[in-house]
Amino acid sequence: MAETDSAAVRMEQSSEAEAKEMSAVSDPYIREQLEKRRKELSAALAAPVAAAPAASLIELLGEVDSALHRMDDGTYGICTECHDSVEKDRLLADPLVRLCLDHLTSDEQRALERDLELASRVQRGLLPRTDLRHGDWRVHYQYKPAGMVSGDYCDLIPPPAEDGELVFLLGDVAGKGVAASLLMTHLHAMFRSLAGVGLALDKLLEVANSVFCQSTIAGQYATLICGRAGQRGEIEIGSAGHLAALLIAKDGVRQVCSTGVPLGMFSTSRYTVQHVRMERGDSLLLYTDGISEAVNASGTEYGAARLSIVAGERHGWVPQELAAACMKDVQNYSSGRKQADDQTLMVVHRADTVELSLND
Ligand SMILES: [Zn+2]
């Protein structure tokens, strides 16, 4: 059936592997959710004037009870049509789901497709402008989700005043698909709120981690780099377990490695900040693992070393061209293979010459 091959279904299925890994940690969470619903339904039925027709409440309560029974006898999360597992992120979103994606009716599949299109539009609306200028800084990024929605996080927060510091962020939520994209939007809202508070960068990451821990399900986490670019080429960088950033300088490429664990793992994580000085013409390259782990026809990964060479040969390039050259090399390398993971690449560049900003 055509619907079975729809983009929505393919994307949902691609997140199945990660979802299975999540299984052991999130089962108690689903049970808790079901028990909560059971309590609320019972309370609604006991109320003197039921808000909804009692019959539909009784039917829902029956479904919740049945799900709890299936949990007890070990058949919960198994498709009633094909006896294969139901996708975990769908169970997290609706614990009463009983059919896997392949066995949804075509109406249900079309509804899922519409929801994903809407989610994709919402997510794209959260992205910053792809080109940003602030003082000497020129920033450009490329954002390529593997499916309709992405677990990659990318943001640029200019300061309220001309002489303030520009905040740049790039992160990667564990997993793909809808569950990952929900966490991405959560990161976006959190950093947008925290960036203006005036915290030191290490504290900003500590608070963000603590908030993220309180609001995520066990087993969900995100790696992230948060940086601040100052007036005279100085940059502060804090990394929560993210891939090393590459500093493309005149005399070569230097890695700026992570000093912290991913957000969402331990609520008491501490972060240290590294200070980097960028000369005119230098660039800082940030990327997600969809880039370094892109594979070629024989299954070999692209790797950070190759990215470092490609970028290192292009010192002084404007960020749009540097980013495009890197992306093109990744695409050539993995040509013919379906993009397996979200790919994001950001270049923070210190302009070579002082440009007049009359035409900005
Ligand atoms: Zn099925």
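The following legends describe close-up views of a predicted model. Local features require pLDDT of at least 70 and side-chain atom pairs count only at pLDDT 80 or more, whereas totals for chains, interfaces and linings use all residues. Residues are numbered from 1 along each chain as its sequence is written, and side-chain values use heavy atoms, with hydrogens and water left out.

**View 1. Donors of the zinc ion.** Cys79 (SG), Cys82 (SG), Cys100 (SG) and His103 (ND1) are the protein donors, lying 2.1 to 2.3 Å from the zinc ion (donors are N, O and S atoms within 2.8 Å of the metal, or 3.2 Å for Na, K and Ca; water is not among the atoms, so sites may look incomplete). Along the chain, the donors of the zinc ion follow the spacing C-x2-C-x17-C-x2-H.

**View 2. Geometry and accessibility at the zinc ion.** The arrangement is tetrahedral because the four donor atoms subtend angles of 92 to 121 degrees (four donors count as tetrahedral if all angles lie between 85 and 135 degrees). Cys79 is buried, at 1% relative accessible area, whereas Cys82 is partly exposed, at 31% (buried means under 20% relative accessible area, exposed over 50%, partly exposed in between, with a 1.4 Å probe and protein chains only).

View 3. The model has zero disulfides, a disulfide being a pair of cysteine sulfur atoms within 2.5 Å. Cys213 is buried, with a relative accessible area of 19%, and Cys257 is partly exposed, with 39%.

How values were computed: Tetrahedral: all angles 85-135°; square planar, octahedral: opposite > 155°, others 65-115°.
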